Amino acid sequence: MNGVNGSSISPGATIGILGGGQLGRMLAMAAAQLGLKTHIYAPEVDSPAFDVATRFTLGRYDDMQALQAFAAQVDCVTYEFENIPAETVAALEHLRPVYPDRAALTTSQDRLNEKNFFNGLGIATAPFVDVEDAGALARAVAQIGRPAILKTRRFGYDGKGQAVVRESADLAAVYRSLGGLPCILEGVVRFSREISVIAARSNNGQFSAYDVAENIHSHHILAKTIVPAHISTGTAARALDIAAQIATALNYVGVFAVEMFVAEDAEGTERLIVNEMVPRVHNSGHWTLDGAVTSQFEQHIRAICGWPLGSTRRHGRIEMQNLIGVEAEAWHDIMSEARASVRLYGKQEMRPGRKMGHVTRVFEEN
Ligand code: AMP
């Protein structure tokens with residue numbers, strides 16, 4: 001089939017996906033449902049996405065020869081993992097279209113760039129200061145106050161690469177605990193809720209977002225997502241506007257998430273503070289597989305192919321629960337529940353903190 005509307009991708013084409021975790025797995029399944037083939041490229045032998053893809057390559061992200069061979073076999077490239085080296089994406093961009101592009105990746109990979117980018121758009125963040133060494137940390141603490149959160153600029157996720165600077169903390173020790181890497185120091189936000197917007201922008205500029213999700217974390221890992229979030233309609237509209245603004249500014253293509261804090265003043269007025277943007281499908285959007293007309297995985301594939309984006313309409317009020325570590329042992333019991341849709345990721349080894357699957361429950365809207 002030939003491409004339509006300027007898109008070079010048609011059913012029958014092959015989507016290359018960097019990263020072989022559960023996100024790659026769910027992307028590959030969504031692509032298959034749209035008549036596409038997938039080729040996963042990942043360095044881990046037991047990648048859950050390998051089981052469901054048309055083809056896979058086991059390779060490191062710095063193996064340029066293997067990456068070139070991979071590119072030659074696909075029509076476009078996307079990723080399910082935001083810590084792909086920017087050089088890998090740069091090399092692939094010469095060979096095939098890569099969505100989201102390098103600008104989106106490099107902006108979101110570095111917390112300092114990302115926060116400067118948000119502030120440049122007039123989007124509020126926690127106060128932050130660049131910390132290049134232990135001496136700079138003392139100056140930053142004098143500016144931000146305590147407690148504060150020290151975060152490595154790069155490669156942080158699920159609370160990794162973070163340390164709280166408490167009243168009594170020895171600054172040199174805190175700085176060393178993060179490996180002496182370039183960091184930012186952030187002020188602590190007294191938030192009432194954490195929310196996220198999952199949105200998509202197509203390579204022809206169409207934008208679409210799901211209703212705002214409310215996220216509950218346990219030990220820094222997402223435990224539960226509830227949709228719609230318990231926020232005012234005005235706050236929800238502002239959250240979607242922020243996501244649209246970010247997508248337009250980056251000329252973004254694909255699905256992305258924007259994580260935000262909701263802070264309330266004494267009168268209960270809600271204020272939004274953006275924490276980060278994640279340039280890929282996101283755990284807080286997993287509910288869309290069973291709770292929306294179009295899943296975030298299908299939406300991402302549509303967006304990068306330049307196809308019409310699908311409806312984001314919800315089937316009801318949603319609760320999505322991650323099955324983390326031993327929680328996944330309950331899969332059998334959960335399957336007997338009338339409302340539960342269980343998804344298991346096919347991971348062989350159950351480790352504490354490891355995301356093994358999730359369950360979505362859809363309720364009638366109150
Ligand atoms: P992050 O790695 O930036 O996504 O942070 C992980 C989690 O730490 C967030 O989901 C929040 O629960 C918490 N957190 C991060 N930054 C802040 C902040 N500036 N103030 C309060 N809590 C934060």
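Analyst: Quick ground rule: a residue is buried under 20% relative accessible area, exposed over 50%, and partly exposed in between, with a 1.4 Å probe and protein chains only. This is a predicted model, where local features need pLDDT of at least 70 and side-chain atom pairs count only at pLDDT 80 or more, while totals for chains, interfaces and linings use all residues. Residues are numbered from 1 along each chain as its sequence is written, and side-chain values use heavy atoms, leaving out hydrogens and water.

User: What makes Arg-317 and Glu-319 a salt bridge?

Analyst: The rule asks for a side-chain nitrogen of Lys or Arg within 4 Å of a carboxyl oxygen of Asp or Glu. Arg-317 and Glu-319 have their N to O distance at 3.5 Å, so the pair passes. Side chains of opposite charge can pair when their charged atoms come close. The whole structure has 19 salt bridges.

User: How do you know whether Asp-51 and Arg-25 are buried or exposed?

Analyst: Asp-51 has 55% relative accessibility, so it's exposed; Arg-25 has 12%, so it's buried. Their side chains meet in a salt bridge at 3.6 Å, N to O. The partners sit 26 residues apart, with Asp-51 in the loop between strands S2 and S3 and Arg-25 in helix H1. (Helices are DSSP runs of H or I with at least four residues, strands are E runs with at least two, and both are numbered from the N terminus.)

User: What else does Glu-276 pair with?

Analyst: Arg-111, in a salt bridge at 3.5 Å, N to O. That pair links helix H5 to strand S14, 165 residues apart, and both residues are buried.
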